[in-house]
Amino acid sequence: MRAITIPEPGGPEVLSWSEVPDPEPGPSEVLVDVRATAVNRADLLQRQGHYPPPPGASAYPGLECSGVVSATGPEVTDWRVGDQVCALLTGGGYAERVAVPAGQLLPVPSGVDLVDAAALPEVACTVWSNVVQLAGLAAGETLLVHGGGSGIGTFAIQLGTALGATVVVTARSVKHDRLRALGADHLIDYREQDFVEEIRKVTDGRGADVVLDIMGASYLGRNVAALAPDGRLVVIGMQGGRKGELDLGALLAKRGTVAATALRSRPLDQKAAIVQGVRDQVWPLIEAARIRPVIDRRLPITEAPAAHRLVESNDHIGKVLLTL
Ligand SMILES: NC(=O)c1ccc[n+]([C@@H]2O[C@H](COP(=O)([O-])OP(=O)(O)OC[C@H]3O[C@@H](n4cnc5c(N)ncnc54)[C@H](OP(=O)(O)O)[C@@H]3O)[C@@H](O)[C@H]2O)c1
């Protein structure tokens, strides 16, 4: 088969569409003929050599895909050849075929095109596991989403809205109209406004019950300041650095919680439980059209370098898909 390989770390130009050996599905895995995959921020880091695949994972990039089941291992009982699926991957999505643990497959939700379904697994699993499973966002609470225009952000806005939360978002102002249309209640341009002041203004001084953060160190102090009493801060990205100073006094006074998680390195049983939770709680919202995949554009997989340049520029809104 062919796959995008990374012969050496570097810029987008190192991504190479090459002939590679076919993957062999294990006894509890499914082989998927890939129709589309999506670019995630982590793929840029992997290409640069900063985010190596975990042990046992495919060497090719790609944390999600959609496609058609073409073979099943002997222990797989709930998927059949010909099923249209999308999947959460530990790697290997930028390829014609990928072997996936059966617990990481999801059916293509009704009303969503097979190609567009590639935009869903990584954001649905990341946002649901952090905002709902871990932080326990409830109706009537306020959710602060940093980077509202990202793949993660556009999904978090829609999920928070569907769950009955007030959603406050940071993003460059050029993206505000699109994010308001997705359900964001208050928009903050983080380049010109102080998000701590703004969140207090729109919550009568209380702050955010849940903060979904992608910046890490550079936002840590302000994120704690932005929390409401009993607030929960969940850090999933470190675009602003990994080492920050945490004012425990400020956190303690609010009875706050700070958590940080990574989806890719979770054990298989945790991933399968998250995928099941998403299927039970999020898929019905997608099928009711209360959450839609947000796709900036589709490019052929041979244009993976251009897709990486676009995501690096941050000029996209939502997901950039690579089609096969
Ligand atoms: N831990 C996990 O399991 C996990 C899983 C998936 C993703 N992630 C992380 O989640 C983040 C989003 O991923 P993605 O693939 O959806 O990213 P993406 O589409 O590439 O978007 C990155 C976003 O960062 C925003 N941004 C840059 N500087 C900012 C700032 N100072 N304040 C607020 N926003 C800022 C940009 O928006 P503007 O144009 O508005 O600046 C852009 O929308 C990444 O950090 C990724 O590593 C973590």
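Of the 26 residues around the ligand, which come nearest? They are Arg41, Lys175, Tyr190, Tyr219 and His316. This is a predicted model, in which local features need pLDDT of at least 70, side-chain atom pairs count only at pLDDT 80 or more, and totals for chains, interfaces and linings use all residues. Residues are numbered from 1 along each chain as its sequence is written, and side-chain values use heavy atoms, with hydrogens and water left out.

**View 1. The shell around the ligand.**
The shell holds 26 residues. The shell divides into ten nonpolar, twelve polar and four charged residues. Here Ala, Val, Leu, Ile, Met, Phe, Trp, Tyr, Cys and Pro count as nonpolar, Asp, Glu, Lys and Arg as charged, and the others, Gly among them, as polar. Helix 2 (121-134) supplies at least two residues of the shell, and so does helix 3 (151-162). Helices (H or I, at least four residues) and strands (E, at least two) are DSSP runs, numbered from the N terminus.

Thr261 uses a backbone N or O atom, 2.8 Å from a nitrogen atom of the ligand. Ser150 also uses a backbone N or O atom, 3.3 Å from an oxygen atom of the ligand. The protein covers 91% of the 930 Å² of accessible area that the ligand has on its own. Accessible areas come from the Shrake-Rupley method with a 1.4 Å probe; for residues, only the protein chains shown count as cover.

**View 2. The aromatic pair.**
A search of the whole structure finds one aromatic pair. Its members are Phe195 and Tyr219, with ring centres 4.9 Å apart and 50 degrees between the planes, which makes the pair tilted. Rings of Phe, Tyr and Trp (its six-membered ring) pair if their centres lie within 6.5 Å; planes under 30 degrees apart count as stacked, over 60 as edge-to-face and the rest as tilted. The pair links distant parts of the chain, 24 residues apart. Phe195 is in helix 5 (residues 195-202), while Tyr219 is in the loop between strand 11 (208-213) and helix 6 (220-226). Are Phe195 and Tyr219 buried or exposed? Both are buried. Buried means under 20% relative accessible area, exposed over 50%, partly exposed in between (1.4 Å probe, protein chains only).

**View 3. A charge over a ring.**
The charged end of Arg264 sits over the ring of Tyr51. The distance to the ring centre is 4.9 Å. A charge sits over a ring if NZ of Lys or CZ of Arg is within 6 Å of the ring centre and within 35 degrees of the ring normal.

Ser66 lies in strand 4 (residues 64-72). Ser66 is buried, at 0% relative accessible area. What lies 2.7 Å from a polar atom of the side chain of Ser66? The backbone oxygen of Leu114 does.

**View 4. Two residues with positive phi.**
Ala289 is not a glycine, although its phi is positive, at about 65 degrees. Its place is the loop between helix 9 (283-287) and strand 14 (295-300). Ala289 counts as partly exposed because its relative accessible area is 48%. Asn314, also other than glycine, has a positive phi near 65 degrees. Asn314 belongs to the loop between helix 10 (304-313) and strand 15 (319-323). With 30% relative accessibility, Asn314 is partly exposed.

**View 5. Residues paired across the sequence.**
Phe155 lies in helix 3. Phe155 is buried, with 2% relative accessibility. Val294 is 139 residues away from Phe155 in sequence, but 7.7 Å away in space, C-alpha to C-alpha. Leu233 is in strand 12 (residues 227-235) and is buried, at 0% relative accessible area.

Methods:
Near = heavy atom within 4 Å. Polar contact = N/O pair within 3.5 Å; in protein donor to acceptor, adjacent residues only side chain to side chain.
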